[in-house]
Amino acid sequence: MSGPENATGMHVPEKVRIFDTTLRDGEQSPGIALSAEDKVDIALALDGYGVDCIEAGFAISSEVDRMALRRLSCMGLHADVYSLARCRREDIDAVESCGVRCIHLFIGTSDSHIRDKLGMTREQVIGAIRDSVSYSREKGMDIMFSCEDATRTDYGFLRQAYAAAVESGASVINVPDTVGITTPRRMSELIGKLSADIGAPISVHCHNDLGLAVANTLAAVESGASYVHTCMTGIGERSGNASTEEVALNLKLNYGVDTVKLELTDRVSKTVVRYTGYRPSYTKPVIGRNAFAHESGIHVHGILKNSSTYEPYPPEMVGRVRDITIGRHSGEHSVREKLDRMGVPFPEERMPALMAEIKRQSGDRTISDIELAAIAENILWKDKTEDIVRLTEFAVITGKNVTPTATVTVDIGGEQNTCAMTGNGPVDAAINAIRKAVSDDIVFEELRLESITGGSDSLCEVTVLVKDVHDDDHISAGKAVGRDIVDTTVDAFMQAINRDYARRGRR
Ligand code: MN
């Protein structure tokens with residue numbers, strides 16, 4: 001029955017069970033090799049998340065899987081622990097030896113699988129299904145049975161194979177779209193036919209080769225599938241499987257079906273990412289870095305007034321926080337929100353100056369929190385300084401086999417002064433030219449340069465100390481934040497000079 005929050009109007013099963021195969025299909029992703037301990041840790045996270053079934057390995061395939069299965073089978077998990085097995089007695093014995101009582105049996109049923117992979121006839125395949133399902137049943141196992149490559153199997157034979165499995169004791173039939181080739185409509189039709197023809201609960205296993213794994217999974221649920229095979233973060237062979245978090249969130253938001261504890265999504269996905277080393281892409285739904293990142297000013301304004309304007313669901317629902325990125329599309333509202341959150345006091349009347357500075361500094365990149373704080377602080381600092389000496393023109397020429405030369409024009413109380421000087425580098429040339437244009441009494445004492453966040457495109461913070469050798473050797477400091485080392489050093493130097501001039505004026 002469909003619940004009251006079912007936005008689709010489709011009738012879906014009231015209970016949909018999450019059969020998580022992160023530790024089996026997910027682990028088959030190239031480059032992922034989990035130890036038995038890793039598997040146990042991930043299984044515990046998945047169990048806490050609330051998945052119904054955990055396929056923890058393929059018992060016959062490796063000792064690591066057997067160790068993990070053995071340990072998990074006696075840990076009293078809430079979830080049922082499954083092992084994969086081919087329709088062979090030795091595979092089933094291996095599962096039994098691990099103390100696992102839930103088995104996922106599979107055999108290829110498409111013509112290419114039967115002929116090219118198994119080298120069997122259809123009759124032999126049916127025989128193997130009957131034998132292995134009955135054998136597992138005799139051992140008291142709970143059996144999920146899969147026709148591998150089901151979506152490319154002739155329907156008549158598919159129905160025959162599933163019927164044989166159910167007659168022999170399988171409790172759930174699983175329908176794998178092994179190579180991720182089907183579409184939602186075709187999946188929906190297939191599940192509809194099977195649910196009419198076979199009297200057993202139906203499960204689906206969808207791959208993402210064409211980007212339709214989640215869509216196909218949901219289409220199957222709309223046609224009555226009550227188990228879904230998924231992998232946390234969408235890992236799995238080739239382009240991966242339907243992702244556990246996307247399917248679970250869809251079931252909740254679009255169908256009103258509760259499955260896992262969604263608020264643990266962020267934590268569980270991070271556990272899987274840490275062990276597997278598979279980082280999700282920035283744009284990955286639910287868990288990707290940008291899922292709750294807002295940069296455009298209009299969007300941020302809307303989000304801050306009412307988060308539903310540009311968010312389908314609140315980030316807290318999946319255990320995350322909203323991230324508002326400050327960049328070239330950012331507006332005053334997001335900047336104000338960030339400053340308030342970081343506890344940086346900033347006067348409202350200076351916001352236009354701050355916005356202009358952010359636009360000037362960000363260029364084609366985004367500004368991090370710490371850079372924003374530095375820019376804001378820089379503006380407040382500048383406000384405290386009187387502009388007695390202003391730099392009205394500045395150019396520097398530098399390169400290989402060129403003598404660095406700077407030309408400046410300064411305005412000191414309405415009087416223009418233009419000078420050109422060379423130096424050991426562009427910064428030195430600029431400092432020399434400014435000193436010549438302003439006053440020889442001001443000595444450049446020290447330069448401190450720091451990249452604020454690291455990386456060659458980071459903002460830099462320059463602190464300049466100047467000494468007034470005219471009389472008392474007083475030191476004045478200037479600090480500036482910017483993208484270019486030369487420009488920023490010049491800004492910091494001008495600020496130090498102005499502080500010295502202001503000091504002289506007060507004397
Ligand atoms: Mn698979």
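Colleague: Is Asp 131 buried, partly exposed or exposed?

Modeller: Buried means under 20% relative accessible area, exposed means over 50%, and partly exposed lies in between, with a 1.4 Å probe and protein chains only. At 33% relative accessibility, Asp 131 counts as partly exposed. This is a predicted model, in which local features need pLDDT of at least 70, side-chain atom pairs count only at pLDDT 80 or more, and totals for chains, interfaces and linings use all residues. Residues are numbered from 1 along each chain as its sequence is written, and side-chain values use heavy atoms, with hydrogens and water left out.

Colleague: In which element is Asp 131 found?

Modeller: Helices are DSSP runs of H or I with at least four residues, strands are runs of E with at least two, and both are numbered from the N terminus. Asp 131 belongs to helix 5.

Colleague: Which residues of helix 5 and helix 6 meet?

Modeller: Contact means heavy atoms within 4.5 Å. Among the residues that meet are Val 125, Ile 129 and Val 133 in helix 5, and Phe 157, Ala 161 and Ala 165 in helix 6. For classes, Ala, Val, Leu, Ile, Met, Phe, Trp, Tyr, Cys and Pro count as nonpolar, Asp, Glu, Lys and Arg as charged, and the others, Gly among them, as polar. The contact of helix 5 with helix 6 has 8 nonpolar, 3 polar and 4 charged residues.

Colleague: At what angle do helix 12 and helix 14 cross?

Modeller: The axes of helix 12 (residues 332-342) and helix 14 (residues 369-383) cross at roughly 95 degrees and come within 11 Å. Helix 12 is therefore roughly perpendicular to helix 14. Val 335, Lys 338, Leu 339 and Met 342 of helix 12 make the contact with Asp 369, Leu 372, Ala 373 and Ala 376 of helix 14. By class, this contact has 6 nonpolar, no polar and 2 charged residues.

Colleague: Which residues coordinate the manganese ion?

Modeller: Donors are N, O and S atoms within 2.8 Å of the metal (3.2 Å for Na, K and Ca); water is not among the atoms, so sites may look incomplete. Here Asp 25 (OD), His 205 (NE2) and His 207 (NE2) coordinate the manganese ion at 1.9 to 2.3 Å. His 205 is buried, at 5%, and His 207 is buried as well, at 3%.

Colleague: What is the phi of Arg 238?

Modeller: Most residues other than glycine have a negative phi. Arg 238, which is not a glycine, has a positive phi of about 55 degrees. Arg 238 lies in the loop between strand 8 (227-230) and helix 9 (244-255).

Methods
Axes are lines fitted to C-alpha atoms, for helices over the stretch in contact, and angles run from 0 to 180 degrees between N-to-C directions. Angles under 35 degrees count as roughly parallel, over 145 as roughly antiparallel, 65 to 115 as roughly perpendicular and the rest as oblique.
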